[in-house]
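Welcome, and thanks for taking a look at this model. Please open the structure and keep it beside you as you read.

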Amino acid sequence: MLKQRQSSFRRILVSKILLLSVPVLLIGETVAYKKASSSLLDTSRQNLTANAIIKGKNLDDAIATLKANLFTASQTEALKSGEIPAVQLFFTQLTAHLPPQVECIQLTNAQTQQVITSTCSQTVEMLSSPSPDGITIEPILPPKFGTTGKRETHNHLRLLLSSPVYDKTGQWRYNLIFQSKFAHEIVTNQPGVLAGSTVIIAENGTILSHPISSYIGSNINEHDDAERLAQIVKDALQGHQDSLHLFFGNKGEELLVGYTAINNPTIPNQKWVIMAVTPVSNALYGLGQIKVILVTLTVGLVATSLAAALYLARCLARPVEELRDYALNLHSHNSTTPVPRDFSIREFNQLSQALDQMVERLKAWAEEVEASWQEAKAANQSKTQLLATASHELRNPLNTILNYVRLVREGLCDSREEELEYLQIADSAAMYLLAILNNILDNSKSEAGKLAVALEAIDLRDILKDVVNLQSVNVQQKGLQLNISQMETAIPVNVDPLKLKQVLINVIGNATKFTEVGSINIHTKMQATEAEPQVIILIQDTGIGIDLAQQQKLFRPYVMVDSNSARKGGTGLGLAISRNLIELMGGTITLESAGLHQGTTVKITLPLLNTEALLSVQQSEVTDENALLFAPSCLSVNICPASSEK
């Protein structure tokens, strides 16, 4: 069951992709927008600065042209004669050939300032008297206009140019005045036009030309942003040609200004500051189109990112969802249902393969756990059966001991030989009882991890000799053959002699117990392996054999073959203890049988000592007893069943 506030892999993937891509995209768009704005402003600054320089040069050239025309006109004979008809005719002809900047011309008497003739609508007066040495120029400011007392305003640069006129005798008789207007510098704020409106400021801060007519004649200190205007004038007078932002207008709009300086034609050794002014919004007019493009591009890229995220999430989430569905429904799947595979992404195929392998391992482990559980259940049942049968296994020898000891103690025996016979039976029963208790104790030590061996270098032939001598009586009493391979070469091993003897007695005892007819064969052989040389002991019998399904259980504690023909008493601990002891000595023990009534083979493998260890092994002497030991024996003496168990 999904917890609250959990989201699907697909949704998380889409949100993460968008969360990472959209901010990056927006940041990129913002940076691009700012970069475009900066580039447009830089271009506008350069254009306005260049435009201001051009405006200044054009103004210089226009004034120079007017001065040349004025000087030429002042040298004509018609003006020098002073005859009014001739002067008027000359004015008419001159007006047709003068530059468009000249609004009107006027001829005045140099001494009386009386107007001789004029094309102006009203009398033009010079603030200062023309110099007899050359041309005088002065700006026309608004207060010089009008006869009603009202201040007339204009937004053009207007100049009065005056030149002395000499008569034929060389006397200064008249003043020729040109009234000019430089209207071509005024530019309306059309969107995208970067020519800029012309602003002219004198060195003393007087505004001579401005798009706002009310500003002409005022000083820059009277207006907003006067400090920055003063800085522009200062930089221009120092010869700088640059651009600057300022607020200089009746609406407080931010302006972009390019500026330069030219020589002041009215006052020697002073300069005029020529500025090309345009609103910043006009300079950034193209930014609107860029903004539209960027917005369109942003929307398109966001939509593309969303589509790509959805597609990518589908490609990545589909395999995950299929694997999830398979894992969630694994308990209800048939064992033949394959895990989803053949994805287009290699990592998911590898994950599918790993999941398939994991499922197979889990199935195998489940089978092993089931088998182990069944075996544990069987072992538990065996323990229960052990407790149930312990009274029988322990009571019989105890009763035997008690009965025969009482017979001897109470003097019920007929002879000394009968007493010794009863005592021998009691002794055998006591040894059998002791063997059972030792097996239980050894298994408890093994389960507690306290079972230990004391290793020492010995000759394996000595151990086999002792074991065969001990078991030969039992074999003879059952009428079986005991066949042992000839062992002429010493077999050095590093083992615990007592524990190894215990294992061999248990294995040979089992072979004797479960073999009714036939033989027991003991073979030894040495072989070399990649790790170390080994000796192999094979103990084969022709007994009842073991079912294939039961063989893997025999080395587990308290487990015995569940067959009426196989059950001959015991605790089921012999082989389990034998395996633990052999493994502690560095060897292995296995059991094989072709099936019921096919006999059994127990294989014990022990590591051989190296050549140097052979010198420490006591050499066994070949005696008559050895010859008798390794000779095949065919004995047939019937005795009671042995006490060892399988």
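## The disulfide

A disulfide here is a pair of cysteine sulfur atoms within 2.5 Å. By this rule the count comes to one disulfide: Cys-104 and Cys-120, with their sulfur atoms 1.8 Å apart. The torsion about the S-S bond of Cys-104 and Cys-120 is about 90°, so this disulfide is right-handed. The pair links distant parts of the chain, 16 residues apart: Cys-104 sits in strand β1 (residues 102-109), while Cys-120 belongs to the loop between β2 (115-118) and β3 (136-139).

How well covered are these cysteines? A residue is called buried under 20% relative accessible area, exposed over 50%, and partly exposed in between (1.4 Å probe, protein chains only). Cys-104 counts as buried at 6% relative accessibility, and Cys-120 is buried too, at 14%. Another cysteine, Cys-413, is likewise buried, with a relative accessible area of 13%.

## About the model

Please bear in mind that this is a predicted model: local features need pLDDT of at least 70 and side-chain atom pairs count only at pLDDT 80 or more, whereas totals for chains, interfaces and linings use all residues. Residues are numbered from 1 along each chain as its sequence is written, and side-chain values use heavy atoms, with hydrogens and water left out.

## The chain as a whole

The chain holds 14 helices and 18 strands; these are DSSP runs numbered from the N terminus, with helices being H or I of at least four residues and strands E of at least two. Of its 646 residues, 40% count as buried.

Contact means heavy atoms within 4.5 Å. Among contacts between residues at least 6 apart in sequence, 65% join residues at least 24 apart. The accessible surface of the chain comes to about 35800 Å², and carbon and sulfur atoms account for 54% of it; the areas come from the Shrake-Rupley method with a 1.4 Å probe.

## The aromatic pair

Rings of Phe, Tyr and Trp (its six-membered ring) pair if their centres lie within 6.5 Å; planes under 30 degrees apart count as stacked, over 60 as edge-to-face and the rest as tilted. The count by this rule is one aromatic pair. Tyr-404 and Tyr-422 form this tilted pair, at 4.8 Å centre to centre with 55° between the planes. Tyr-404 lies in helix α7 (residues 346-409) and Tyr-422 in helix α8 (residues 416-447), so the pair ties together parts that are 18 residues apart in sequence.

Is each tyrosine of the pair buried or partly exposed? Tyr-404 is partly exposed, with a relative accessible area of 24%, whereas Tyr-422 is buried at 16%.
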